[in-house]
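Here are some notes to read alongside the structure. Please follow them point by point with the model open.

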Amino acid sequence: MRKLVVLLFIIGGFAGLIGMGAMATLLIGVGGGGSASWSNCSANLGPWGDGAGRGKRDAGTLDRESVGIAKRIIEIGKERNLPPRAWQIAIQAGKTESNLANLDYGDRDSRGIFQMRPSMGWGSIAQLSDVDYQINKFYDVLQSVPNWEQLRPGSAAQRVERSAFPLRYHRWEPMAAHLVSVEGNVSGVTACDDLPSSSVLATKAIEYARGQLGKPYDWGAVGPHAFDCSGLTQQAWKAAGVEIPKYSQTQYFEGGKYIPLNEAQPGDLVFWGEARDPHGIHHVALYLGDNKVLHAPQRGENVEIEKLWDGGELLPQAVRPAGDAPQSAGPTAGGAR
């Protein structure tokens, strides 16, 4: 539900946010039929919202065994005709679970690169000691994950591993992208240099959203005649050439880079959840600057612009769907709009 009362006090420092201002002309490919789009960049290879520099530094800390396992992940991925995205996901999972080492121990009966458990049907102890078996098993399960190619790599890794700490896989995204690029001889980390900055893309998203003002709210709708809250934000960023998931919770966990709320810029996504809990998110809006948001409120109301409100539910982090190039952010949404 939307707020019941608008609080006069908004999180400290928010009033000083900078307005959008004039932006450069968008590249022809963004949001159109051209091959150059930010969504194409992020969907192929590269870190979502984190630079390639950190990836190179992190990769430099790996020992010989870890580099060898990363190379084998890439080799088997190529043998199976899997895209570089799959290699990146497997490397992130292996780095997170074992530091890319073939461990003979782990939590309970977990073992190996991906800390797979014999008791959970991953294979026998002998099989889970074999590097090639483990990599192939990981790929087998990954390919059974619906729409894994469209997920943020760390989120796809989580769908395979089913960890109690789902966000930790994102930490090694730049490193995995770097290894795939260097060891797999795949361009991608620097293939997006000429794309627009996040502010230019945000301008396009906001232009689209403004064009929907006055259209009715309809739960689950993604336009063109009606929208719900997450349908509007998804389609607005899609118009800028950036693909983000549907549903407000999923947009929070998988939609981009986290930004402190008092550093939010126009085009960023802001969220409301019960007791400010990300797992209780029920509403999302586009921030416009100057303490204003554009959103699809609730049933019986229309897409509108209004003052940002708190109501005890405004989350302290916003999400920025597109980072500055060259750059390319759980749980599934349950009950989210």
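1. Start with I73. Leaving out residues up to four places away in sequence, I73 touches W87, A90, I91, L100, F114, I135 and Y139. Keep in mind that this is a predicted model.

2. In soluble globular proteins, nonpolar side chains tend to be buried together.

3. Now check α5. Its 13 residues, at 1.5 Å a residue, should span 18 Å. The end C-alpha atoms are 19 Å apart, which agrees.

4. Which residues of α5 are buried? They are Q134, I135, F138, Y139 and L142. Seen down the helix axis, the buried residues fall within an arc of 130°, so they line one face of α5. Their cover includes α3, α4 and α6.

5. Look at the start of α5 too. There, a side-chain oxygen of D130 comes within 3.2 Å of the backbone nitrogen of D132.

6. T96 sits in helix α4. Is T96 buried or exposed? Its relative accessible area is 15%, and the cut-off for buried is under 20%, so T96 is buried. A polar atom of the T96 side chain lies 2.8 Å from the backbone oxygen of Q92. Beyond its neighbours within four places in sequence, T96 contacts R168, Y169 and W172.

7. Turn to the rings. The structure holds six aromatic pairs. One of them, F114 with F138, is stacked, at 4.5 Å centre to centre and 25° between the planes. F114 is in the loop between α4 and α5, while F138 is in helix α5, 24 residues apart. Both F114 and F138 are buried.

8. W272 and W309 also pair. Their ring centres are 4.3 Å apart and their planes are at 15°, so the pair is stacked. W272 lies in strand β2 (residues 269–273) and W309 in the loop between β5 (304–307) and β6 (317–320), so the pair ties together parts 37 residues apart in sequence. W272 is buried at 0% relative accessibility. W309 is buried at 2%.

9. Last, find a ring cluster. Ring pairs link Y252, F253, Y258 and F271.

Definitions and conventions
Residues are numbered from 1 along each chain as its sequence is written. This is a predicted model: local features need pLDDT of at least 70, side-chain atom pairs count only at pLDDT 80 or more; totals for chains, interfaces and linings use all residues. Side-chain values use heavy atoms; hydrogens and water are left out. Contact means heavy atoms within 4.5 Å. Helices (H or I, at least four residues) and strands (E, at least two) are DSSP runs, numbered from the N terminus. The expected span of a helix is 1.5 Å times one less than its number of residues. Buried means under 20% relative accessible area, exposed over 50%, partly exposed in between (1.4 Å probe, protein chains only). The arc is that of the directions from the helix axis to the C-beta atoms. A polar contact is a pair of N or O atoms within 3.5 Å; within protein, one must be able to donate a hydrogen and the other to accept it, and residues adjacent in sequence count only if both atoms are side-chain atoms. Rings of Phe, Tyr and Trp (its six-membered ring) pair if their centres lie within 6.5 Å; planes under 30 degrees apart count as stacked, over 60 as edge-to-face and the rest as tilted.
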